[in-house]
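Hi everyone, thanks for coming.

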Amino acid sequence: AKQLFGTLAPAGAVVGGAFGFVECVSEVTRNRVDVPNAMIGGCAAGLTLGMYRKSMASAALGCLAMGTAAGVTDANKYFFAPAPAVAHEMKHVEDLQTSSESVDSFVSAEMQA
């Protein structure tokens, strides 16, 4: 068990990190919190797992499987969750856009000064 944990733990951490990082970058880049972000993150996690196994077939299958699983899981909260949960996520996107605009106006003011 110790040897198995020592082998799988780093891979799991890297795959989970790839999912979280790519999903967040996708949200910020697209200025949306929606299902395609989870699918993109899942695909990145599957690709990372395939690269860990050094197999292009595993990477392609992992991208397809994990992207689909993440998309279905994320879609459930939009179809079955109460409206306030979705509204809270949309507020988060509005906050991101506002903070981005604030930073842009601050930078342009500093550049002019």
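Let me start with how helices and strands are assigned: they are DSSP runs, H or I of at least four residues for helices and E of at least two for strands, numbered from the N terminus. With that, the protein chain has four helices and zero strands, and along the sequence the pattern reads α-α-α-α.

A word on the source: this is a predicted model, where local features need pLDDT of at least 70, side-chain atom pairs count only at pLDDT 80 or more, and totals for chains, interfaces and linings use all residues. Residues are numbered from 1 along each chain as its sequence is written, and side-chain values use heavy atoms, with hydrogens and water left out.

Now, the cysteines. Taking a disulfide as a pair of cysteine sulfur atoms within 2.5 Å, the count is one disulfide. Cys43 is joined to Cys63, with 1.8 Å from S to S. This pair links distant parts of the chain, 20 residues apart: Cys43 sits in helix α2 (residues 35–53) and Cys63 in helix α3 (residues 56–80). The link is left-handed, with -80° about the S-S bond.

Are these two cysteines buried or exposed? Buried means under 20% relative accessible area, exposed over 50%, and partly exposed in between (1.4 Å probe, protein chains only). Both Cys43 and Cys63 are buried. Cys24, at 47% relative accessibility, counts as partly exposed.

Finally, Glu23 in helix α1 (residues 2–30) counts as buried because its relative accessibility is 15%. Beyond neighbours within four places in sequence, Glu23 is in contact (heavy atoms within 4.5 Å) with Asn37, Ala38 and Gly41.
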